[in-house]
Every structure is written in structure tokens, then in C-alpha cells.
Amino acid sequence: MTFTCVFVDWRFLSVMGIDIVEGRNFRQTDGDVYIFSESAKKKYPWLAVDKPINDEDMPVVGFCEDIKYSTLRVDDSQQPIAFVVPSRDGYFKGDFWRNHLLVRVAKGMDKREAKRRVLETVLKYEHENKPDISDLRYVDDELEKSYHQERLFTEQILLFSLLAILISIIGVFGLTMFESEYRRKEIGIRKVFGSSTKEILMMFWKRYLYILLGCFVVAAPIGYLLGRHWLEGFAVRTAISPLLFVVSFLLVTLITMLTVTYQSWKNANENPINSIKTE
């Protein structure tokens, strides 16, 4: 029988918001008792409330919901875990319980002061392997380090996406300016024959909408494959929703159409006589 054993204070599960699904939570008077996770009961079905796990071990007082205790790259939610409230004359006599201590710091407390006070308290009981301040680390800082590469990657993606959008806007602006000037006479003739400004703009909108649709058909599958490949590095991952691609396409379309409208508006409203005389 193998499981991860975590020695805790009797208030730990309540403070961390971990729900009990069977049996009861720890009590202040408890000592040398187990609370197992749901995965432990599934893996070892003989475990039961108010019974020891074997003839020479401690009793089980309850079962709690499964929790995740490492990064999303590791699937540990199904790992059997046992929380133990040790008695002071029992397991606390051994040295193995001192491997890690989890301390909850009060909200608003200075982190440096908290480390100093924790270190002072630990040194009162630890006389052989004395820790120093560098051995004390905050969980949120460790989680931040574990996701550093992901944060850096997302920031790079955001930066290059903004640059790509900016370059695209400049390209669309230049292409629209060139095309509207190139087709200036055509626009003037269309105006003479009764075309409205809206119809002139629709002519440009349709052209660029077809271009956007072609780019989307090519880019969407590539983006999906790249995103799925990146997510495969995580044991726990989200699904790639088609809505993400639809919203992206609509956003790019909106930016493009605004750029086209801004550039084409002047020629579409110009007196057609001027453009025809110029030609």
C-alpha cells in the first residue's frame, strides 16, 4: 500500500477549504489518526471509517475530496493522500516529520517578519540540522517560478500578436490607399452612374472580406494544431474552443474594415468630376 502522507494541524483541512465527503474532520483532541483522499478509497476499497488501515496502524476517521498539490503539468489529482494529525508522544518523536512544515501566514503580515518569526520558532525545537532563512519559501512564489516559462511564452505570444496586428493594419492601410487611388476613375464613373458612398465602400469591404476568409481558412487549422501541441505538455488542460477562433476572426475583420473605411471614405465622397478630369 503506497500513498503520500502529510502531517498537519487539526485545523488544516478546514482552513484550506478541503471538504470531507465521508466520516468527519479532525478534532482538536485527535492524535495519530488518518483522513484519506477519495482516490485512496478507490484504490484501496478496504479502507473504512473508524477502522485502522491494518492491525498495526492508526485508524481512519474520514475521507476528503481529491486535491491537486503540484503544477498542471503533473496529473496528481488521483494520487492517494493521507492527512495525519500526530500526537505529541507518538509520531512527533521521529525525525521524518520535519522534512517540510507548512505555515499559513495571516493576511497583511509582512513576509520578511513572518519568515523571521517562523525561523525563530523552528530553531527552538531543531538543534541538529538548523535551517536558515533561505530554507523558508512561500508557496505562491514557488508556483510563480513553476509557471515562469508559461508566463514568458504567453507574454511573447501577446507581444508578437500585437506586432502582427499593427503590421497588418499598416499593410491594409497602404494597400487600400494604393487601390483607391488606382481605381479613382472607376469610383468617379460609378458615382456618376448613381452609386452611393455606401455601395462604393461595400465594393472594398467585399474584396477584403474574401481575403480575410482565405487567410482564416489557412491560419485557423495551423493555430489549432500549434495550440493543441502546446497543451499536450500539461496533464490537466483546457479544451480549445471554436469560439476562440470565431472571436479572433471577428476582431481582425472589424479592425480591417475600419481601416478600409477610413482610407476609402475620402475617395468615395469626392466629387466624381475631379477624378475623371484628373484621369
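These legends go with an overall view and a few close-ups of a predicted model. Residues are numbered from 1 along each chain as its sequence is written, and side-chain values use heavy atoms, with hydrogens and water left out. Because this is a predicted model, local features need pLDDT of at least 70 and side-chain atom pairs count only at pLDDT 80 or more, while totals for chains, interfaces and linings use all residues.

View 1. Helices (H or I, at least four residues) and strands (E, at least two) are DSSP runs, numbered from the N terminus. Of the 279 residues, 27% are buried; that means under 20% relative accessible area, with exposed over 50% and partly exposed in between (1.4 Å probe, protein chains only). Take the contacts (heavy atoms within 4.5 Å) between residues at least 6 apart in sequence: 70% of them join residues at least 24 apart.

**View 2. D30 sits in the loop between strand 2 (20-23) and strand 3 (33-37).** D30 is buried, at 15% relative accessible area. Its side chain makes a polar contact of 2.8 Å with that of R24. For the record, a polar contact is a pair of N or O atoms within 3.5 Å; within protein, one must be able to donate a hydrogen and the other to accept it, and residues adjacent in sequence count only if both atoms are side-chain atoms. Leaving aside residues up to four places away in sequence, D30 touches R24, N25 and V85.

**View 3. Here is an aromatic cluster, with F3, Y34 and F36 linked by ring pairs.** Rings of Phe, Tyr and Trp (its six-membered ring) pair if their centres lie within 6.5 Å; planes under 30 degrees apart are stacked, over 60 edge-to-face, and the rest tilted. The structure holds seven such pairs. Y34 and F36 count as tilted because their planes meet at 45°, with the centres 5.1 Å apart. Another tilted pair is Y44 and W46, at 5.2 Å centre to centre and 55° between planes. As for cover, Y34 is buried at 4% relative accessibility, F36 at 0% and Y44 at 7%.

**View 4. Helix 6 (residues 184-192) has R184, I187 and G188 buried.** These three lie on the same side of helix 6, because they cover an arc of only 100° around the axis; the arc is that of the directions from the helix axis to the C-beta atoms. After helix 6 comes G194, with a positive phi near 105°.
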